[in-house]
Amino acid sequence: MTNHWVDIKNADLILVMGGNAAEAHPCGFKWVTEAKAHRKAKLVVVDPRFTRSAAVADYYAPLRSGTDIAFLGGVINYLVTNNKILHEYVKAYTNATYLVNPAFSFKDGMFSGYDAEHRKYDTETWSYQLGDDGYAIVDETMQDPNCVFQLMKKHFSRYTPELVSKITGTPEKQFLTVCEMIASTAVPDRVMTSMYALGWTQHSVGSENIRCMAMIQLLLGNIGVAGGGINALRGHSNVQGITDMCLFGEKLPGYMTLPTEQDATFGDYVKKWTPKPLRPGQMNYWSNYPKFFVSLMKAWYGQAATQENDFGYDWLPKLEGPSDALAIFERMYQGKVTGFFCQGYNPLAAVANKKKVSIALANLKYLVTIDPLTTETSEFWKNHGELNDVDPAAIQTEVFRLPSTLFAEEEGSYTNSGRVIQWHWKAADGPGESKGDVAIVAGIFVKLREMYAKEGGVSPEPVLQLSWPYHIQDLPSSEELAREISGRSLVGDEAQLTGFGQLRDDGTTACGNWLYGGMWSPAGNLAARRDNSDPSGLGQTLNWGFSWPANRRILYNRASCNLAGKPWDPSRMVIKWNGSKWVGNDIPDMRPDARPDEMVMPFIMQPEGVGRLFALNKMKDGPFPEHYEPFESPLAKNPMHPDTPESKSNPAVRIFMGDIDAFGKPDKFPYVGTTYRLTEHYHYWTKHSKINAILQPEQFVEIGEELAKEKGISSGAKVTVSSNRGFIKAVAVVTKRIKALDVDGRKVHTIGIPIHWGFLGVAKNGYLTNTLTPYVGDATAQTPEFKAFLVNIEKA
Amino acid sequence: MVQQSLNIERRSATTTPSPGVRHSVEVAKLIDISKCIGCKACQAACMEWNDIRDEVGTCKGVYDNPPDLSAGSWTVMRFSEVEAENGKLEWLIRKDGCMHCADPGCLKACPAPGAIIQHTNGIVDFQQENCTGCGYCITGCPFNIPRLSPKDHKAYKCTLCSDRIGAGLEPACAKTCPTGAIMFGSKKEMIIHAEGRIADLKERGYQNAGLYNPEGVGGTHVMYVLQHADKPELYSGLVKDPQISPLVVFWKGIAKPLMSYGLGVAVLTGIMHYVTVGPNETEEDETEK
Amino acid sequence: MQVTRRQFCKICAAGLGGSSLGLMGYSPGEVLAQTNSFKLTRATETRSTCPYCSVSCGLLIYSMGDRAKNARSEIIHIEGDPDNPVNRGTLCPKGAGLLDMIQSPNRLNYPEVREPGSNGWKRISWDEAFTRIAKHMKADRDENFVTENSAGLKVNRWPTVGVLASSSSINEVGYISHKVLRSLGVVTIDTQARI
């Protein structure tokens with residue numbers, strides 16, 4: 001979230017699209033009801049289903065799953081055509097005025113640089129025009145046909161209300177009503193917040209869905225302000241924190257990048273990731289990359305990391321190829337993986353195409369699952385009849401199942417969706433011999449380190465040199481680790497640092513994650529703070545926990561003021577320029593003494609200091625979002641590009657051999673399937689909790705009354721839902737809340753498929769719904785397309 | 001252990017007057033259906049706090065689960081999909097459970113001394129130790145709330161978390177409600193809060209928004225804010241004008257005083273005879289309230 | 001008001017069924033009215049955070065016993081922390097049901113192994129588990145580790161092992177996992193956050 005949970009109460013309009021906040025985040029959703037109660041805010045819900053969020057909405061509009069870009073592109077067209085944008089903001093705080101490489105083009109649904117053979121783009125032309133001084137060239141009049149504003153206007157002019165309605169199935173009148181409501185926030189004293197979740201990410205165009213909304217929020221001047229922002233409502237308790245720790249193959253903690261084979265030396269690497277400013281006088285905060293990186297290496301390798309050995313640069317693995325879950329299981333499927341660890345992760349249920357995942361797991365020599373509960377993954381080899389039809393004798397994988405503790409049995413910190421890090425304390429011991437995850441990781445490492453010390457082996461240095469300064473070798477404490485993450489000086493009294501501003505690239509500081517710098521300052525564990533006072537009434541509670549970065553609660557908050565440093569809306573003042581410095585109700589996201597006339601722009605992490613309407617080369621599938629059909633679409637053609645089959649679906653999406661054959665066609669699978677969560681359950685955990693099993697005991701699917709009638713299915717009847725990859729059986733819930741949509745002259749039915757059941761648990765056993773889902777992900781993030789695929793339904 | 005902060009207003013089948021000197025605040029739970037997302041957190045909190053668990057059931061083609069109140073489910077959400085004439089869909093979700101009537105039919109009907117009590121703050125509470133399992137509270141309740149347990153043959157229902165209130169806390173359901181659809185406080189404050197909510201709903205186009213605090217049972221200590229107060233039956237059959245069952249009124253108004261005059265069984269027999277020869281009624285009348 | 005025959009019979013049955021004038025209100029005697037005793041009176045309260053979604057609601061966990069040496073804590077109740085600025089004491093149905101997650105019959109109590117081709121679990125000690133896992137890892141790492149690529153560049157990569165990390169573990173677990181994995185040369189890492 002650019003903003004945070006409580007801040008939602010400061011909104012005038014709340015758009016819930018690409019998510020179902022009432023259902024998936026009920027306690028965060030309370031701030032929507034507070035905004036309604038205290039600001040007379042309106043709630044708009046756009047969703048294929050009339051959800052529990054819609055139940056309390058002021059306005060609901062349906063759309064076909066997988067067509068969000070068509071809808072949002074139409075909104076951009078509406079805003080630009082009707083001049084509903086915050087001009088001063090757009091001109092100063094976005095790259096609307098920047099001139100783009102004249103070689104950049106968009107034709108037949110494809111951007112310049114497309115390489116059809118490898119299904120990817122050469123992004124060279126997706127760039128700014130640079131002057132001789134190295135700075136980007138801008139056109140303040142925004143009239144140049146190559147300026148971002150004009151390119152954007154042209155790109156989205158194709159998204160007319162008629163075409164939007166034809167693609168999305170949203171009746172034109174309803175689409176325009178939503179446009180008008182959104183446009184009402186283009187003025188300085190009205191703000192919209194966007195609350196989204198996996199309804200946007202789980203598509204082959206997932207990242208672009210979100211970008212499209214980010215563009216809208218920039219056009220409306222709604223980023224950086226109280227009650228605004230683009231707010232990812234994250235799914236797991238610490239999905240934000242683990243993302244920040246960057247447990248991704250290609251990343252290092254704090255969103256740094258793991259070196260690749262192109263980064264031969266430390267010098268090459270640092271140069272590549274330390275950007276030059278693209279406009280004069282900008283903060284360009286990533287220019288501190290070397291400080292963050294060297295401090296990380298000092299935290300990891302301590303005294304062994306020296307100037308002479310480039311702080312252990314060579315010990316870091318150099319990445320080759322993708323390492324997202326889909327890529328991992330593809331390699332496992334091909335038999336290229338020996339051992340595998342699932343730490344609180346149940347991929348047999350959570351990764352696309354269960355059949356493929358199951359075959360892949362059977363190719364392993366050993367599998368280790370670390371979990372408080374029994375999981376389907378740990379028992380992938382066990383026959384559970386139709387629910388898991390495998391032959392144990394044929395599966396040679398050695399499986400270790402290690403019991404870990406739950407939250408109540410440990411202490412440590414979680415980072416919430418609003419980036420607030422909160423410490424929790426231990427209430428009781430875990431059951432039996434269970435151990436905390438830290439003890440399990442440390443236990444395995446210490447054992448392995450002993451073996452390398454005693455027996456030697458291949459490349460033992462990084463293992464033996466790893467800094468391990470913990471009092472109890474096989475049981476580092478959460479406090480020790482939190483202090484290491486936060487950072488300390490390596491000279492003098494070796495004090496904890498107050499923040500990442502103190503980090504150095506000469507080896508005199510150590511910091512496990514620069515973003516968390518200052519979380520454990522000389523004043524102690526700031527994540528454990530519990531002062532909930534809120535003097536501004538905005539809900540900022542600056543002394544509750546610790547919010548990264550630097551305890552800042554609203555990102556880009558410089559943009560809450562106009563160029564002169566005055567808040568767009570004084571009643572919602574986040575920060576302001578008081579004549580000598582930035583002050584207010586938050587930690588300024590700006591150099592504190594940067595005078596407004598210095599024109600230091602608010603988006604300090606970008607080398608140009610402004611928000612990007614044109615994404616340069618940061619997205620794999622284009623600098624502007626474009627509507628592409630889901631890989632399994634009920635339509636024969638993309639109505640945007642009816643004559644270009646290559647651009648029916650996202651041309652930059654990676655597809656593995658074999659997975660194409662597993663895609664279904666609408667002749668056999670005529671309905672749109674979409675998977676989702678219910679409020680009574682949490683993924684595949686709460687089926688083990690009796691209270692939740694009572695509240696929603698048995699697997700079901702939801703269908704509209706019209707389709708039910710057509711297929712002769714009554715509510716409560718057993719049905720079989722199948723895709724080209726398998727089938728599930730469930731109870732039918734026939735509802736008025738899912739309506740057939742009129743799409744491109746034909747009727748499209750949606751089948752709602754809640755996840756949550758499996759072959760283990762205290763709830764009624766059921767089928768893992770990813771039996772149905774396709775093995776294809778978003779071009780940029782590789783999040784699987786769980787929200788739109790093709791299925792059929794029959795009476796069981 | 002009697003919680004000193006909870007004083008007794010009256011007890012079932014008991015003539016000993018209750019102490020009446022100490023003052024207490026009348027409490028109420030306000031359920032604002034326009035804010036309810038049907039998440040069932042109230043159901044979960046109720047089960048957890050009260051140490052009750054129903055069986056793990058089945059899906060019957062609706063979201064409602066458990067499908068009905070029981071000795072193990074003192075509150076359930078009832079979902080109904082309502083389509084207005086203009087085609088606008090509304091998903092009306094009502095938390096069902098004891099209304100804690102000011103004039104409780106269950107208590108009036110109960111023949112077991114002290115099995116049902118009403119506290120001076122308005123809570124109607126069942127005392128299972130004294131319950132004989134006759135089920136008369138069920139007949140007496142105009143809202144069809146109490147349920148007999150097949151396990152111990154005693155009647156159970158929401159206590160309004162009298163144990164929590166006695167300790168100075170709010171009911172578990174009200175505390176947990178994520179959207180503030182359930183509020184708890186003095187009845188007076190809850191009515192004022194409801195007025196604000198109703199004004200807001202009217203501004204948002206719900207012309208018939210209103211408070212459900214039915215007179216027929218003397219008002220309730222669980223009240224609803226309804227978007228369509230003119231049509232409570234839209235909310236999974238919420239009773240429009242609840243009245244205490246006539247048979248309970250009869251029992252309290254005629255039969256019990258008659259007993260008091262010592263006529264006992266003889267009189268009962270007489271009355272029975274009178275009724276037996278009286279005009280025949282259809283069986284459907286039994287459900288008439 | 002109308003009293004029907006069936007209703008009346010029921011009334012009579014109640015009177016007769018009681019078969020005691022006591023039931024008519026004649027001998028109240030020691031009719032005690034009481035509420036359930038308040039179950040948290042001396043329970044230990046611990047502040048925590050909900051492990052489910054990323055609203056990260058504040059929790060108050062109540063456990064039996066006062067942490068005396070001879071008492072083993074057992075969690076008996078969980079409710080929302082009213083001081084937490086986000087949830088302000090509220091919990092959703094998942095959070096409100098956390099007690100049954102902690103006490104789930106499907107919690108694991110000790111390490112187990114499923115031997116290749118077998119059809120069941122076998123209990124093992126932690127030491128055996130760590131030793132066997134470490135042996136597997138070392139054998140694989142020593143066999144498949146790539147020290148240099150074809151161009152002679154140090155790449156220090158262990159390509160044949162993979163890790164999926166939880167998004168529900170604490171930051172400290174995420175950090176130490178990352179630190180350990182990179183020291184071993186692991187590149188195949190992903191988290192639940194991706195999905």
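Author: Two residues are in contact if their C-beta atoms, placed from the backbone, lie within 7 Å. This is a predicted model, in which local features need pLDDT of at least 70 and side-chain atom pairs count only at pLDDT 80 or more, while totals for chains, interfaces and linings use all residues. Residues are numbered from 1 along each chain as its sequence is written, and chains are lettered from A and ligands numbered from 1 in the order in which they are written.

Reader: How many residues does chain A bring to the contact with chain C?

Author: The contact is counted on both sides, and chain C supplies 103 residues. Those on the side of chain C divide into 46 nonpolar, 37 polar and 20 charged. Here Ala, Val, Leu, Ile, Met, Phe, Trp, Tyr, Cys and Pro count as nonpolar, Asp, Glu, Lys and Arg as charged, and the others, Gly among them, as polar. The number from chain A is 137 residues.

Reader: What is the order of elements in chain C from the N terminus on?

Author: Chain C has five helices and eight strands. From the N terminus on, they run α-β-β-β-α-α-β-β-α-β-β-α-β.

Reader: Why does Ile93(B) count as buried?

Author: Ile93(B) lies in strand β4 (residues 89-96) of chain B, and among the residues it touches are Ala55(A), Ile33(B) and Phe79(B). A residue is buried if 20 or more other C-beta atoms, placed from the backbone, lie within 10 Å of its own, exposed if 12 or fewer do, and partly exposed in between. Ile93(B) counts as buried because its C-beta neighbours inside 10 Å number 24.

Reader: How many Å separate the centres of domain 1 and domain 2 of chain A?

Author: Domain bounds come from an automatic or database domain assignment, which gives domain 1 as 249-320 + 504-553 and domain 2 as 325-416 + 420-455. Eight residues of domain 1 are in contact with five of domain 2. Taken over C-alpha atoms, the centres are separated by 29 Å.

Technical notes. Helix = DSSP H or I, 4+ residues; strand = E, 2+ residues; numbered from the N terminus. Lists of a residue's contacts leave out its neighbours within four places in sequence.
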